[in-house]
Each structure stands twice: as C-alpha cells, then as structure tokens.
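Hi there,

Here is the structure I promised to pass on to you. Have a look at it first, and then read my notes below.

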Amino acid sequence: MEKIIVRGGNRLNGTVRVEGAKNAVLPVLAATLLASEGKNIISDVPTLSDVYTINEVLRNLNADVVFENNQVIVDASKELNVEAPFEFVRKMRASILVMGPLLARNSHARVALPGGCAIGSRPIEQHLKGFEAMGAKVTVGNGFVEAKVEGRLKGAKIYLDFPSVGATENIMTAAVLAEGTTILDNVAKEPEIVDLANFLNAMGAKVRGAGTGTIRIEGVEKLRGTNHAVIPDRIEAGTFMVAAAITQGNVVIENAVPEHISSLIAKMKEMGVNIIEEEEGIRVIGPETLKAVDLKTMPHPGFPTDMQSQMMALLLKAEGTSMITETVFENRFMHAEEFRRMNGDIKIEGRSVVMNGPSTLQGAEVAATDLRAGAALILAGLVADGHTRVTELKHLDRGYVNFHQKLAGLGADIERVTEVVAEKATQETTQSNVHA
Ligand SMILES: CC(=O)N[C@H]1[C@@H](OP(=O)(O)OP(=O)(O)OC[C@H]2O[C@@H](n3ccc(=O)[nH]c3=O)[C@H](O)[C@@H]2O)O[C@H](CO)[C@@H](O)[C@@H]1O
Ligand SMILES: C=C(OP(=O)(O)O)C(=O)O
C-alpha cells in the first residue's frame with residue numbers, strides 16, 4: 001500500500017500548472033463513440049486513472065484508442081459492441097456516460113449499474129427518463145441497465161427534476177443523432193457541459209444553449225471525428241488555490257480560468273485571501289489570518305461540491321465559526337471524521353458541518369474516503385504539526401496528476417512512499433516522540 005507523508009509548516013511559493021479537466025475529458029471521450037467516420041483527436045488529456053479506465057471501456061466497445069503525450073486518438077468507426085461490463089463501471093461511475101452515445105449509435109446499449117459510492121447513493125433515473133422520452137425501452141435487471149430503440153431515437157421535450165451533470169451529458173449525447181429536435185430543460189450549466197457541446201458541434205452536431213438552463217439539440221444523421229482540446233481543470237486549480245491560502249503562500253496557478261471558479265474566488269476573498277488575476281493565471285496570496293465564512297454547495301454557478309472538502313480544510317484554520325452545507329450529495333462528509341483525527345474542531349449537524357477555528361491541526365494517519373477528501377487531507381497536512389500520512393491513494397489518483405510532486409515543486413515537504421518505507425517513517429516518528 002502507498003501513502004503520502006506530509007510534514008507541515010512550509011509556505012508554498014512559485015508556479016503550478018493545472019491539467020485538462022477530468023470531468024470534461026470523461027464525457028468527451030465517451031462521446032467519441034458517436035463518430036462513425038474519421039478519428040477524434042483529443043488533446044490536453046490528463047494522465048489520470050479515470051482516463052485509463054474510460055479508454056479501456058472504449059476499447060472493450062470495439063473502438064481503437066491510443067493515449068500518448070496527453071493526447072487520445074479514438075477511431076470508433078467499426079461496428080460497436082453493446083455492453084459496458086461491471087469491472088469498469090465499478091472502478092468509475094462515469095462509465096455510465098457511454099450509454100447515451102452507444103444508444104444513439106447502436107440503438108441498443110447495456111451498461112452495468114453504477115450503484116452508490118462514498119459520497120452518496122447516486123441514482124441515474126434522470127438519465128433513463130431522458131432515454132425513455134426519446135423512445136427507448138429501458139429495463140433494469142441483473143445489475144445492468146439496458147436501453148433499446150427501434151431505428152433512431154426521436155427528439156423530445158425533457159425536463160430534469162434536478163440539473164444533474166451526468167444526466168445532461170448522457171441525454172445530450174443521445175439526442176445529437178436523434179430524429180428531430182430535443183429540448184432539454186433545467187439542465188446543468190457547468191463549464192464541462194459547454195466543453196462537451198463544443199466538442200459535439202465540432203463533430204457536426206447542432207447543440208445550442210449549453211451553459212444556460214435550456215439546451216436545444218437538432219438531431220443529425222451522422223457525426224465525424226474532429227480535434228478537440230479539453231478545458232483546464234477548475235477543481236485542480238481550486239485545490240492549489242487552497243494550498244496557497246492555507247500555507248500563507250504566494251502561488252500562481254497557470255492555466256486556471258477565473259470565470260469557471262468565480263464562486264470559489266468570491267468565497268476565498270471573503271475569507272481575506274488575496275487573489276489576483278494575472279496573464280498567466282491566478283495568483284493566490286494567503287493572509288496571516290483567515291476569516292470564518294459560511295458556504296453552501298450548489299449546482300454551477302453555485303459553489304462546487306467538488307471543492308467542499310478542500311474548503312473544509314481551509315475553514316478549519318479560519319478565526320471564528322464557519323458552517324458548510326452540502327446540498328448536492330447526501331453523504332459527502334466522511335472526511336470530517338478524518339479531520340477530527342487531526343484535532344479539527346468540527347461537528348456534523350445533518351447536512352451541515354460547523355467548525356470552530358482556528359484548529360491546531362496535528363499530524364495523524366488518515367484515509368482518503370474519496371478523491372477530493374484525499375486532496376483535502378493533504379492540504380490539512382501542509383499546516384499540521386508533525387507528519388500526516390494519507391492512505392487510500394487510489395481515490396486521489398482518479399483526479400490528480402502528480403499531486404505530491406506538484407506540491408513539492410512549490411516547497412511542500414511531502415513524499416509518496418510504499419508501505420515498507422512508510423513503516424520506517426512511522427518508527428522514526430515514534431522514536432523521535434519517545435526522545436522528545
Ligand atoms: C464525472 C463527473 O463529471 N462527475 C461530476 C458530476 O457527477 P454526476 O454527474 O454523477 O453528478 P450529478 O449532477 O448527476 O448528481 C448530483 C446529484 O443529483 C443526484 N442525481 C443525479 C442523477 C439522477 O438521475 N438522479 C439523482 O438523484 C445525485 O445522486 C447527486 O446527489 O457532477 C457532480 C456534481 O457537480 C460532481 O461532484 C462530479 O465530480
Ligand atoms: C465526485 C467526483 O467525481 P466522480 O463523479 O467521477 O466520482 C469528483 O470529481 O470530485
């Protein structure tokens with residue numbers, strides 16, 4: 001087993017560059033299945049475990065996929081298979097995003113049911129409601145969801161009960177090859193939705209309104225491969241912004257797009273963080289004293305749930321009482337217990353957590369319960385007394401490329417070790433504690 005060991009106390013300084021966005025590249029790669037002619041060349045692709053997983057899903061569906069130098073080339077022109085098995089979907093829920101493209105291309109798709117995960121039950125009924133409205137017959141059984149349609153899907157008017165990111169993407173990618181027009185209401189407005197629409201349009205689709213609450217899709221008969229560069233990862237950018245702020249550092253985050261993270265910038269400014277938009281990116285200067293604030297996660301342009309745990313780390317160091325309310329996922333506070341193990345003063349009250357800060361954080365052995373929790377625990381470790389050891393790094397690797405190396409490049413005292421070396425470090429700490 002691998003661990004990341006952080007020794008707290010260093011201020012971060014310098015420049016760090018963010019990668020292409022995980023949550024943009026996964027739907028884009030799933031949508032490459034729509035091109036029955038030509039190759040798709042997707043660039044700025046991060047080397048994340050989730051990307052390797054979706055590439056395996058595509059290969060399994062009979063697409064040719066080459067991933068080199070942050071570029072994925074997909075040739076999906078051969079006849080596609082119908083089924084995405086559980087071995088992939090269990091690793092990564094976003095595998096469900098192949099359902100829309102497969103149904104549109106094949107008139108038939110069978111995908112293992114994703115099930116819940118550490119942050120909530122995560123049902124997919126809004127995705128399925130969309131496929132049904134377009135004429136598909138959907139059945140669920142034996143751990144699979146299957147959708148079939150005679151001939152092409154038919155354009156429809158669909159209203160989502162909640163602006164689900166995945167449902168918006170899956171229905172969009174089904175509707176682009178449907179007969180007639182689809183009007184999709186109460187949709188997600190995340191930048192990743194806009195990126196997907198841009199990619200679909202470059203393949204020859206007719207998608208209008210992405211980024212607003214209503215998307216209108218005129219179906220076309222065929223799509224062809226194109227070139228597309230993925231947008232920068234706003235959550236990775238936000239994570240490094242917190243790293244700079246929590247360590248009273250001074251860091252430029254290159255490639256970050258301020259318009260994609262305006263809610264985060266506003267909240268951090270409220271906390272007293274100095275944030276300057278520069279030509280190369282966003283400069284973040286952490287203050288001596290952070291102010292307590294309240295925040296509530298919401299669909300975009302509200303505060304992103306994927307930044308909630310990192311902000312929890314930051315708020316633990318703020319003066320006064322802060323409250324975070326999670327409205328997007330029903331169970332995304334598992335990291336709060338881990339912060340408590342680091343001496344964080346934190347209480348869970350239903351869908352909110354209350355923190356009385358600043359907490360004097362102490363190094364401890366903690367487990368990443370999901371990918372953002374993993375990053376957040378490392379952020380807390382940057383300002384904790386002594387060593388913090390973070391385990392369950394498979395979650396972190398789903399969403400961050402070279403996270404510890406990037407932090408080390410900014411001056412953090414951090415390393416990634418295997419169990420054997422980690423045990424040696426534990427012994428050293430135990431010995432130094434005995435001597436102290
Ligand atoms: C790969 C990817 O892009 N993942 C992101 C995507 O996940 P994902 O697409 O799964 O998130 P959704 O927006 O669909 O889910 C938001 C909420 O709606 C619920 N829901 C969703 C669909 C449905 O049919 N029924 C239902 O009840 C979910 O359980 C959850 O509570 O958006 C989330 C919300 O911004 C982010 O945290 C994830 O990082
Ligand atoms: C929850 C996340 O991702 P996923 O939907 O892929 O689990 C995330 O990126 O924080």
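Let's start with a serine. Ser95 counts as buried because its relative accessibility is 0%, and the cut-off for buried is under 20%. Please keep in mind that this is a predicted model.

Where does Ser95 sit along the chain? You will find Ser95 in the loop that runs between helix 3 (86-89) and helix 4 (99-106). Leaving aside residues up to four places away in sequence, Ser95 touches Ile54, Val57, Phe88, Val89 and Val111.

Now please turn to ligand 2. Which residues surround ligand 2? They are Lys22, Asn23, Ile119, Arg122, Asp306, Arg332, Leu371, Arg372 and Arg398. Sorted by class, this shell has six charged residues, two nonpolar and one polar.

- Arg122 has a polar side-chain atom 2.7 Å from an oxygen atom of ligand 2.
- For Arg372, a polar side-chain atom lies 2.8 Å from an oxygen atom of ligand 2.
- Asp306 places a polar side-chain atom 3.1 Å from an oxygen atom of ligand 2.

How much of ligand 2 does the protein bury? On its own, ligand 2 exposes 300 Å², and the protein buries 88% of that.

As for where the shell comes from, helix 1 (22-31) and helix 12 (371-381) are the elements that give two or more residues to it. Both domains take part as well: domain 1 (2-19 + 232-421) and domain 2 (22-229) each supply at least three residues of the shell around ligand 2.

Enjoy exploring, and write back with any questions!

Best wishes

Key: Residues numbered from 1 in each chain as written. Chains lettered and ligands numbered in written order. Predicted model: local features only at pLDDT ≥ 70, side-chain atom pairs only at ≥ 80, totals over all residues. Heavy atoms only, no water. Near = heavy atom within 4 Å. Polar contact = N/O pair within 3.5 Å; in protein donor to acceptor, adjacent residues only side chain to side chain. Areas by Shrake-Rupley, 256 points an atom, 1.4 Å probe, with all protein chains shown as cover. Helix = DSSP H or I, 4+ residues; strand = E, 2+ residues; numbered from the N terminus. Nonpolar A, V, L, I, M, F, W, Y, C, P; charged D, E, K, R; others polar. Domains from an automatic or database assignment. Buried < 20%, exposed > 50% of the residue type's maximum accessible area, 1.4 Å probe, protein only. Contact = heavy atoms within 4.5 Å.
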